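Visitor: I'd like to walk through a structure and ask where its labels come from. Could you show it to me?

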Amino acid sequence: MSVLRLRGVGLRRDGRVLVGGVDWEVEEGQRWALLGPNGAGKTSLLEVASTYELPSDGVADVLGARVGRVDLRELRRRVGVAGPTLTRRLRPESTVLEAVLTGPRATLTAWGQSFDEAEVAAARGLLTDLGLGGLAERRVGTLSDGERQRTQLARVLRAGETAASPELVLLDEPAAGLDVGGRELLLDRLERLVAPRALVLVSHHLEELPPSVTHALILRDGGVHACGPVDEVLTGLVLSDAFGVPLEVRREQGRWHARRAD
Ligand SMILES: Nc1ncnc2c1ncn2[C@@H]1O[C@H](COP(=O)(O)OP(=O)(O)OP(=O)(O)O)[C@@H](O)[C@H]1O
């Protein structure tokens, strides 16, 4: 069954076409990497998929519901999003720890709720892995943009580890701003996410993709350049063409590496 289905989707802003004519179907159990050069439209497409932007053209079906025809508040509760422009829901007065603890309960405030030791330990462990261990008691409103993004990421990941997981998880550059240790811990976390029905991950670097990624969509100039199973799409030929640089792609023990071809 399709979790996300875009048909002829376009998004225009200020008279500019950000994405156009996108056909894309994400099915139950799939994990997608969304790649493409700077400005290709990755974030814009994710905004449509997350229902935070209505398509200017075409139709978007998210979790079986046609965007524009259903109550978006209800639909958004079922979609977990984290990324630079998608961190809109955190309450400034919540602490970082509360923002993560309340993720699985899909509430925005910890007011009137209690959390057991295991829940607190799990949330703290996630914050430590994402380099936010020292900020657990800080108010969200005092965080830098990068810290707020990682807090939102921790919230979505925490929910994704539980039975209350969002059904569709959309992550825009989740490894951005993490050091190499943090990146590896994040990949480990992503591998352990079991509950979402589908996951989409925007990234600039093949090294940031977890081995469990099954499919890839490459955008270029707002349109689909390549789309399909990872081993068919993440090749030197396809990526060299997409990025306009001769690239060599290797896969070892599930992980990808890309470098300029000699
Ligand atoms: N409000 C806007 N008005 C006009 N153009 C916009 C607007 N927002 C984004 N754009 C442009 O749309 C294009 C696609 O942007 P988008 O952020 O979706 O690309 P991206 O693939 O995520 O880029 P990056 O890899 O650099 O993060 C870019 O050229 C960007 O400058």
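Guide: What follows is a set of questions about labels, each answered from a value and a cut-off.

Guide: Keep in mind that this is a predicted model.

Visitor: Fine. What makes helix H5 largely enclosed by the rest of the structure?

Guide: It comes down to a count: 12 of the 16 residues of H5 are buried, so the helix is largely enclosed. The buried ones include Gln149, Arg150, Leu153 and Ala154, and the list runs on to Ala159 and Gly160.

Visitor: Which elements do those buried residues pack against?

Guide: There are strands E6 (79-82) and E7 (168-172), plus helices H3 (96-101), H4 (117-129) and H6 (180-192).

Visitor: How do you know that the length of H5 is close to what is expected?

Guide: H5 covers residues 145-160, and its first and last C-alpha atoms are 22 Å apart. At 1.5 Å a residue, the expected value for its 16 residues is 22 Å.

Visitor: Why is H4 called oblique to H5?

Guide: The two helices pack at an angle of about 135 degrees, with axes 10 Å apart. Roughly perpendicular ends at 115 and roughly antiparallel needs over 145, with the rest between them counted as oblique. An angle of about 135 degrees falls there, and that makes H4 oblique to H5.

Visitor: What is the handedness of that crossing?

Guide: H4 and H5 cross in a right-handed way.

Visitor: Which residues meet where H4 and H5 touch?

Guide: From H4 you have Ala122, Ala123, Leu126 and Leu127; from H5, Ala154, Leu157 and Arg158. Sorted by type, the contact has 6 nonpolar residues, no polar ones and 1 charged. Arg counts as charged, while Ala and Leu count as nonpolar.

Visitor: Let's pick a single residue. Why is Ala159 called buried?

Guide: The cut-off for buried is 20 or more other C-beta atoms within 10 Å. Ala159 has 23 such neighbours, so it counts as buried. This residue sits in helix H5.

Visitor: Which residues does Ala159 touch, beyond those up to four places away in sequence?

Guide: Gly80, Gly103, Pro104, Ala164, Ser165 and Pro166. As for Ala176, 17 residues apart from Ala159 along the chain, the C-alpha separation is 20 Å.

Visitor: Is Thr51 buried or exposed?

Guide: Thr51 has 22 C-beta neighbours inside 10 Å, so it counts as buried.

Visitor: Which loop holds Gln253, and what is its phi?

Guide: Gln253 is in the loop between strand E11 (247-252) and strand E12 (255-260). Its phi is near 45 degrees, again a positive value in a residue other than glycine.

Visitor: Why does Gln253 count as exposed?

Guide: Exposed takes 12 or fewer neighbours. Gln253 has 5 inside 10 Å, so exposed it is.

Visitor: How do you know that Arg66 is exposed?

Guide: Arg66 has 12 other C-beta atoms within 10 Å, and the cut-off is 12 or fewer, so Arg66 is exposed. This residue belongs to strand E5 (residues 65-66), and its contacts outside four places in sequence are Val59 and Asp61.

Visitor: What makes Gln30 partly exposed?

Guide: Gln30 has 18 C-beta neighbours inside 10 Å, so it counts as partly exposed. You'll find it in the loop between strand E2 (16-27) and strand E3 (31-35).

Visitor: How many residues apart in sequence are Gln30 and Ser212?

Guide: 182, while their C-alpha atoms are 9.1 Å apart in space. Gln30 also has contacts with Ala198, Thr214 and His215.

Notes. Residues are numbered from 1 along each chain as its sequence is written. This is a predicted model: local features need pLDDT of at least 70, side-chain atom pairs count only at pLDDT 80 or more; totals for chains, interfaces and linings use all residues. Helices (H or I, at least four residues) and strands (E, at least two) are DSSP runs, numbered from the N terminus. The expected span of a helix is 1.5 Å times one less than its number of residues. Two residues are in contact if their C-beta atoms, placed from the backbone, lie within 7 Å. Axes are lines fitted to C-alpha atoms, for helices over the stretch in contact, and angles run from 0 to 180 degrees between N-to-C directions. Angles under 35 degrees count as roughly parallel, over 145 as roughly antiparallel, 65 to 115 as roughly perpendicular and the rest as oblique. A crossing is left-handed if the near helix is turned anticlockwise from the far one by less than a right angle, and right-handed if clockwise.
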